[in-house]
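Keep the model in view while reading.

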Amino acid sequence: MSEKLMVLSPAPTANGDLHLGHIAGPFLAADVFTRYARAMGREVVLGTGAQDSPTYVVTTADRLGVDPRELAERSTKQIEATLDAVGIAYDGFTRGDERYADVVLDFVGRLHATGKLRLKPMPYPYSTRTGEYLMDGYVRGGCPVCLADGCAGVCESCGHPCAPGELIEPRSTADPDDPLELREVEVLVLPLEEHRAGLRAYFERMRPRLRPHMAQAIAEMLDRPLPDYPMTYPTRWGIRAPFPGVAGQVVNPNAEAGPWPVAAAALAAEAGGAVLARDDEPFRADSGWGVVLFHGFDNTFPFAIALVAMLLAHEGRYALPEWFVANEFYELETEKFSTSRGHAVWGCDLAAEAPRDLIRFHLAVTSPEHQRTDFSRAVMDRITTSRLVDPWNRVAAKAEAFAGAGPLPVSARSRAAAARMGERFAACYELPAFSLHRAAGTLTEHLARLDRRPVSAEDAGDFFHEAEALLRCAAPILIDLAERAGVEPGLPDGGPETITPRPLPRLSTTVTVAGLPDGDRDAVTPRLSTAVA
């Protein structure tokens, strides 16, 4: 693994605030991994953002009766605020500004200038009533691969690309009764089949670094004829494509999976102090940065197959990702979280009601790593209280009985126990076996062990040493508790021979805004939501 890591979590669509499905998926995982990797001495930056070019911005704005640009601007601010509220410490944050558009057009323009893109007629559902071609959020139908119903672009069920013209029984999302017909229109495409050999070689090397579901989906995709990937769309919402033959078209928002990491890497590197001559410098093959992508399974095609093909088409200019960490869907009441449908628990609302350490812990416990998992507020309250808050507070109370005593001896047995604890957490935090679920389980097990353990004056030093070591290991998840305790994240490799116990902070199940420092109050203030009843 590279010692310099560019950790990226793809930008969500700017059609609403972040819901728990976003946070429990790539965002919390990327943040915890970044904090751990920094604690291990690696140079790491984290980039994310908000994407305002998808058609879902328009469909959500139409449903809410607001201007799409107003919705995108408001949603971008909400996304940033919610990331702060739950402790996601990003370095670079992309937004739909002129700089981002320039990066997109430079990236796609290089492919066009070097002849990697082709003009090709492709079929699109067409509304004779509105005179509009329909794609992505504008049209639904059956997936041509797995038959699941969904919007065009990428099938959320099987992960395969789902071209608008290949949908089974397509229907307009604005008006399902609107009669549609298929019409061909010339768009710019990247012929993925021309990059099959490079894709096969790359993913053969990467297979041990992929979670099983993603590896299976990629194998399926590479066993089928690869599509011509549309780089432009015949619609008006998005980044205008200034290329011959596609007048009036925009860059396909899904194709921004290629240039978006370039833009995010630039902003993240600048936040780390880099001075760039060109925005694509941190993503160049000779930059020394290794790229780690945390993303949802439904982003497998755009952020694995299409992204890697686009990078390969640049013929060695850019680094290829070193790691992918894909998560499954996080559900609410057995249904997928959906910003466009308003079926969600918004991160900012929950952060106004529950301490963010408890939110982070519960989302780690229920992390949808290998299968869909479900959120329930009642379950969250029960689990965080029984597995974290109550046992930690009992441990802190035991330690407090000896506060100020010492220095007290720390036995070789206790130092060895702390080292073994660190090894178990490392096994959860390191790639490719990274697992928030197992990290939360490891925390629970060791906390229960300390909770059961009687403490006497003879072993008080050992007890406090192991409690502090556990908090160091859990610090990437329990960020506020660790900070209040003055504990730096890290893995104990033994420890001191003596220690002076001190009071440890307690955990609470409630948020009291008045009791927070002024700088923390915005983190728990409820924000406007685009959800409707």
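Contact here means heavy atoms within 4.5 Å. The model is a predicted one.

## Helix pair: α11 and α13

Helix α11 covers residues 377–400, and helix α13 covers residues 436–452. Their axes come within 9 Å. They cross at roughly 40°. The crossing of α11 past α13 is left-handed.

Which residues meet? From α11 come Arg 387, Leu 388, Pro 391, Trp 392, Arg 394, Val 395 and Lys 398. From α13 come Leu 443, Thr 444, Leu 447, Leu 450, Asp 451 and Arg 452. Sorted by class, the residues of this contact are 7 nonpolar, 1 polar and 5 charged. Leu 388, Trp 392 and Leu 447 are among the residues in contact, and they count as nonpolar.

## The open sheet

How many strands form the open sheet, and in what order? There are 4, running β5-β4-β11-β12. Pairing is antiparallel. The edges are β5 (132–133) and β12 (228–230). Each edge strand pairs on one side only.

Pro 191 stands opposite Asp 228 of β12.

## A helix on the sheet

Helix α8, residues 300–313, packs on this sheet. It touches β11 and β12. The direction of α8 makes about 100° with that of β12.

Technical notes. Residues are numbered from 1 along each chain as its sequence is written. This is a predicted model: local features need pLDDT of at least 70, side-chain atom pairs count only at pLDDT 80 or more; totals for chains, interfaces and linings use all residues. Side-chain values use heavy atoms; hydrogens and water are left out. Axes are lines fitted to C-alpha atoms, for helices over the stretch in contact, and angles run from 0 to 180 degrees between N-to-C directions. Helices (H or I, at least four residues) and strands (E, at least two) are DSSP runs, numbered from the N terminus. A crossing is left-handed if the near helix is turned anticlockwise from the far one by less than a right angle, and right-handed if clockwise. Two strands pair if DSSP finds at least two bridges between them.
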